[in-house]
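This briefing covers a few local features of one protein model. Look at the sequence and structure below before reading the points.

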Amino acid sequence: MDASGDDRNPRGPRTRNRTRIRTGILLSTAAALAAATVPASASQPAPAPAPDPVVVDCFSQGQVRPDEYLLACGDGNNRLVDLRWNTWGPTTATATGTDMVNDCRPYCAAGRFRPYPVTVTLSDPQPWPDHPGTQRFATIRLLYTNTAPAPVPKDVTYKLVYDTPTPTPTPTPSP
């Protein structure tokens with residue numbers, strides 16, 4: 001017992017205050033260290049990746065991995081069907097399918113559609129006017145895996161021009 005008759009430690013309140021101060025300092029230091037170890041990038045979210053490009057159809061609609069794609073917008077005599085997309089990314093897209101081409105014999109209205117197995121590659125993404133943040137593929141390459149419809153070469157590249165009804169074929173140079 002102390003001289004006051006009180007059995008409490010005379011340094012008790014002071015010791016408790018010191019303990020509280022030390023605990024506060026330790027917690028503040030720990031919080032400062034934790035904040036210093038968090039990378040700066042964690043405080044700001046990463047920008048969302050740009051969406052993959054689209055292929056624009058005859059009706060000016062953006063398509064991603066379409067099952068069919070009309071090549072001859074004006075008369076419908078050339079259509080890619082049964083497209084199975086192997087890839088669809090920011091720079092290219094590839095698929096296999098069938099190019100259904102009207103032989104127009106003796107004339108197109110009386111012609112028959114003939115199937116030609118084909119590998120399709122979309123490339124050359126470009127900004128799509130009036131669609132901010134969206135790219136559209138501007139080139140399509142058709143590689144016929146068997147025979148090609150006459151007079152089309154077996155490997156042909158078209159520019160996907162959106163203001164004219166049919167693309168103009170350009171033979172692809174041999175490697």
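Asn 77 touches Ala 72, Met 100, Val 101, Asn 102, Cys 104, Cys 108 and Phe 113, leaving aside residues up to four places away in sequence; contact means heavy atoms within 4.5 Å. This is a predicted model, in which local features need pLDDT of at least 70, side-chain atom pairs count only at pLDDT 80 or more, and totals for chains, interfaces and linings use all residues. Residues are numbered from 1 along each chain as its sequence is written, and side-chain values use heavy atoms, with hydrogens and water left out.

**Asn 77**
- Asn 77 sits in the loop between β3 (69-70) and β4 (78-88); strands (E, at least two residues) are DSSP runs, numbered from the N terminus.
- Asn 77 counts as buried because its relative accessibility is 13%, where buried means under 20% relative accessible area, exposed over 50% and partly exposed in between (1.4 Å probe, protein chains only).

**Cys 104**
- Cys 104, one of the residues that Asn 77 touches, belongs to the loop between β5 and β6.
- With a relative accessible area of 23%, Cys 104 is partly exposed.
- Although Cys 104 is not a glycine, its phi is positive, at about 55 degrees.

**Another positive phi**
- Asp 82, in strand β4, is a residue other than glycine with a positive phi near 50 degrees.

**Cis peptide bonds**
- The bond from Arg 105 to Pro 106 is cis, with omega near -5 degrees, and Pro 106 is in the loop between β5 (93-102) and β6 (113-127).
- The bond from Ala 150 to Pro 151 is cis, with omega near 0 degrees, and Pro 151 is in the loop between β7 (135-144) and β8 (155-159).

Definitions and conventions
Helices (H or I, at least four residues) and strands (E, at least two) are DSSP runs, numbered from the N terminus.
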